[in-house]
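This report looks at how two chains meet and at the annotated spans within them. Please keep the sequence and the model at hand while reading.

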Amino acid sequence: MLILVPSISAASLRAASSQAFPKRRLKRERTTDLSFQKTAAAAPCDRQASLTFLPFLFISMGSKEENGDGEMDQTVKKYLRGEAANLEGLQDKKLKGQLAIREELYGKSAKAAAKIEKWLLPSEGGYLEAEGIEKTWRIKQESIAREVDILSLRNQYDIVLPELGPYTIDFTPNGRYMAAAGRKGHLAVVDMKTLSLIKEIQVRETVRDVVYLHNELFFAAAQKKYPYIYNRDGTELHCLKEHGAVSRLQFLKNHFLLASINKFGQLHYQDVTMGEMVGNYRTGSGRTDAMQVNPFNGVVALGHSSGTVTMWKPTSAAPLVKMLCHPGPVSSLAFHPNGHLMATSGKEKKIKIWDLRKFEVIQTLSGHAKTLNFSQKGLLAAGTGSFVQILGDFSGSQNYSRYMSHSISKGYQVGKVLFRPYEDVLGIGHSMGWSSILIPGSGEPNFDSWVANPFETSKQRREKEVHSLLDKLPPETIMLDPTKVGTVRPARKKEKKPTKEEREAEMEAAVEAAKDTDIKKKTKGRNKPSKRAQRRKEIIDRAKRPFLEHWVEEQETFRKKQKTNMETEMPKSLQRFVRQKAT
Amino acid sequence: MKVKVISRSTDEFTRERSQDLQRVFRNFDPTLRTQEKAVEYVRALNAAKLDKIFARPFIGAMDGHRDSIKCMAKNPSYLKGIFSGSDDGDIRLWDIASRRTVCQFPGHQGAVQGLTVSTDGSILVSCGSDCTVRLWNVPGATLADSDNLSDNSAKALAVYVWKNAFRAVDHQWDGDLFATAGAQVDIWNHNRSQPVNTFDWGTDTTISVRFNPGEPNILATSANDRSITLYDLRMSSPARKVIMRTKANSIAWNPMEPLNFTVANEDCNCYSYDARKLDEAKCVHKDHVSAVMDIDFSPTGREFVTGSYDRTVRIFQYNGGHSREIYHTKRMQRVFCVKYSSDASYVISGSDDTNLRLWKAKASEQLGVVLPRERKKHEYLEAVKNRYKHLPEVKRIVRHRHLPKPIYKAANLRRTMIEAERRKEQRRKAHSAPGSVVTESIRKRRIIKEVE
């Protein structure tokens with residue numbers, strides 16, 4: 001029995017039912033009794049967001065399926081977005097009841113979303129499995145080409161443009177369009193679906209980087225002296241002189257900020273809607289080519305020649321984080337889309353994977369990478385020389401290992417690798433043009449029409465532009481933990497001073513502990529009882545010392561305070577004659 | 001080797017015909033939407049701002065009376081009509097949709113003090129200071145809709161002359177009795193020229209009367225001697241009475257919880273009472289800066305509207321200590337009567353400046369047909385606003401109301417006075433023997449005693 005809920009389009013369901021499921025799925029579907037119920041509840045539900053996202057669709061399934069489905073629990077956890085609130089200590093019964101109801105709704109909607117993910121999503125992700133003694137990293141692009149369908153075959157190509165290289169590339173967020181920029185002034189905009197060139201221009205000066213703004217209509221190019229903004233037809237719209245000679249550009253699409261790092265190591269943030277310069281900070285670490293925005297929280301990371309990585313937000317002049325990642329210069333960095341992982345590569349031929357929640361290195365891989373990029377599904381591409389390696393995390397324990405590799409023609413130098421969103425494609429910009437290879441399992445198979453739609457019509461694009469402008473985030477919302485927005489900062493507890501007795505007891509304990517330490521037997525002559533007693537005394541004194549020092553310090557501050565009090569206790573008419581202490 | 005790559009054919013993901021709707025695909029994965037919490041917060045903030053931009057509650061004024069409007073009555077069986085009576089004895093039936101007078105009821109010599117309509121909506125009862133009660137036939141919906149304005153005055157069905165001037169009238173919710181208030185409380189039948197029953201407790205004039213919507217035989221009155229009295233028609237004498245420090249100008253029963261009623265008091269506050277427990281108010285609704293003249297509950301029972309001598313109309317939650325909304329215009333003078341429309345979406349006020357004014361109950365609500373998608377959007381914005389309402393930025397915008405200068409100043413002054421009083425009380429308490437000064441809660445303070 002199927003009852004359609006309007007918020008799930010009929011089309012997606014049709015697609016789901018008509019989709020040829022793999023055998024495994026079909027079997028499961030036969031055993032389960034799928035019934036959809038629409039609840040009348042129109043209450044807001046979800047922990048963080050997605051009030052619009054989740055339709056109120058609660059699917060009841062056979063109890064067989066419910067229990068012991070660990071995979072399901074995992075997906076539910078993903079949609080719950082964090083732990084439930086602890087209502088134990090709450091005094092207010094009314095509030096407690098309200099919150100309990102809300103928590104229940106959260107749980108239900110997360111379950112519904114998980115079930116939608118399991119049963120209703122139209123496409124499945126790609127994969128590459130080795131059989132027998134095959135190894136996935138030995139599989140060549142040619143052999144993949146023999147197996148895949150004709151449509152995907154079109155995504156394997158090399159564009160050779162020997163005169164104007166090396167090339168750098170950028171994709172729109174929906175993966176439909178690509179902008180390529182040759183070092184010697186060649187800018188091209190390509191429709192990746194029809195593989196047709198929309199526009200190409202020659203700016204006749206060095207182009208170091210190219211980046212798409214919020215949609216395919218605008219892109220920015222970092223040229224010899226200034227960055228410029230062009231529209232799709234190649235018309236120059238703006239020259240951003242304040243940025244200076246920029247080496248890398250990044251666009252924060254939630255905030256409509258264009259971030260750039262110039263050759264003096266200055267970081268600029270410019271609001272592209274109003275043209276306002278939001279931030280202009282000197283990093284003080286010289287020029288760099290490693291710049292990447294963390295998509296999870298909008299923090300911009302820079303890799304410096306000193307081996308440090310600094311993370312910046314537009315509202316503070318000092319970096320949020322400064323971490324020493326490599327002994328030598330950092331050559332590139334990349335962020336996992338979930339924001340918890342960062343990959344950095346250093347000139348000392350090491351690639352490191354970092355956990356950004358603890359700022360700890362998880363894994364160190366040997367090998368040089370001039371450019372790094374994470375795919376939507378978490379594959380890591382590293383390019384160096386004429387060789388591209390894809391690393392994957394297949395154990396689920398953040399242990400990256402070889403997945404695929406690809407060599408482009410000898411002598412070509414890889415400049416940039418970039419996964420194409422929502423496709424199993426890796427774009428490579430190199431010294432002789434650009435190439436595109438198939439990396440099965442790299443892209444997100446199911447797009448959301450309201451987030452990024454590869455089949456967007458111009459009307460939809462216009463509407464989306466308006467909506468995203470309405471939802472434009474102020475620069476203050478960039479912070480290391482974006483879930484902190486809208487929460488209350490907990491009141492800082494005042495540290496209670498220990499009383500005199502407590503302090504004395506603490507000192508006693510320390511002294512007792514010092515007494516119990518064994519004294520090593522020394523050589524003859526040094527082991528006399530008197531010497532031993534002296535040594536014991538020394539140990540005890542050493543244990544006492546910090547407490548006594550603290551006490552002396554306190555006395556000092558107390559005396560100082562009293563002194564100032566004396567001064568202020570003077571009659572008011574005389575106070576102005578008190579000599580001010582030079583501070 | 002097994003290999004599969006994502007491959008989307010355009011046909012599968014786009015519409016077939018140009019008349020089709022665009023296909024929509026959803027994926028609720030949180031990693032696709034970065035910074036969703038910040039986005040939601042911005043939406044809440046924008047929703048709060050938009051609400052302020054669209055807050056245009058005033059719809060229009062209904063002009064026609066020649067003297068200040070004293071009373072109004074809504075027709076329980078006809079949504080569009082409202083009756084109003086003025087100081088010069090004029091009674092008019094208005095069509096709210098076209099904001100025009102549909103019919104006039106001439107006859108009263110003095111001021112019309114009370115108006116009420118029978119439950120079936122067929123008979124209008126009016127009373128006035130000319131000591132008469134008049135019964136009128138309510139013109140049907142056909143007349144109300146017609147544009148024919150030539151024959152628009154009605155004749156009274158009956159005129160009952162009585163001994164004293166009347167101050168208020170109210171019809172039983174289920175039955176054919178109505179009660180008038182004046183020197184005493186009289187219970188009338190439609191067909192009798194004399195009251196069927198008379199109640200009297202105390203000597204002062206009764207100024208308002210209201211029947212209980214749930215139990216047809218119970219009515220509440222308030223009198224000039226500062227008392228609020230409950231009557232039961234089945235008993236020969238009044239049931240209970242509570243005396244407050246200031247008089248109550250008007251009473252309204254909560255239609256959804258008919259054992260609770262709210263009184264509009266002379267001391268700027270409204271007091272909600274439980275009829276079973278009159279020694280303490282359930283809730284005190286503060287915000288007006290002058291006497292509250294009239295009060296009417298929304299049919300949902302969750303809100304009520306008050307009109308005040310300070311020239312404002314306010315809307316309160318039934319359990320909220322402060323008003324949700326304040327309505328005022330430059331030209332609106334002292335408000336003597338207010339009504340909540342029977343569909344809970346409009347508020348009508350009648351004031352000293354001879355005009356009836358029509359307001360939206362929700363200041364920023366969209367009028368007219370709302371498409372399902374629009375409605376969904378409104379619900380979503382309401383929900384996000386509700387989620388972030390405690391954050392300072394959102395709270396400031398949502399709470400802010402522009403006040404006319406005199407009211408702003410009066411409110412400030414009142415606040416200072418109350419604060420000074422409180423401080424004095426505190427000091428007196430601190431300097432007296434412990435336990436000798438007892439602070440009474442505000443819910444009890446204004447009540448003198450309860451009489452059975």
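## A strand pair across the chains

V3(B), in β1(B), is the bridge partner of L128(A). The strands concerned are β3 of chain A (residues 127–129) and β1(B), which pair in the antiparallel sense over three bridges; strands are DSSP runs of E with at least two residues, helices are runs of H or I with at least four, both numbered from the N terminus, and two strands pair if DSSP finds at least two bridges between them.

This is a predicted model, in which local features need pLDDT of at least 70 and side-chain atom pairs count only at pLDDT 80 or more, while totals for chains, interfaces and linings use all residues. Residues are numbered from 1 along each chain as its sequence is written, and chains are lettered from A and ligands numbered from 1 in the order in which they are written.

## The side of chain B that touches chain A

In total, 41 residues of chain B are in contact with 67 residues of chain A, contact meaning that the C-beta atoms, placed from the backbone, lie within 7 Å. On the chain B side, β1 (2–4), α1 (10–13), α2 (36–53) and α4 (372–387) each supply at least two residues, and α2(B) gives the most, with nine residues.

## Annotated spans

UniProt, in an unreviewed entry, lists residues 402–482 of chain A as "domain: BING4 C-terminal", with positions in the numbering used here, feature names shortened, and annotations that may be inferred rather than shown by experiment. This span is 16% helix and 31% strand, and its end C-alpha atoms lie 32 Å apart.

Methods
Two residues are in contact if their C-beta atoms, placed from the backbone, lie within 7 Å.
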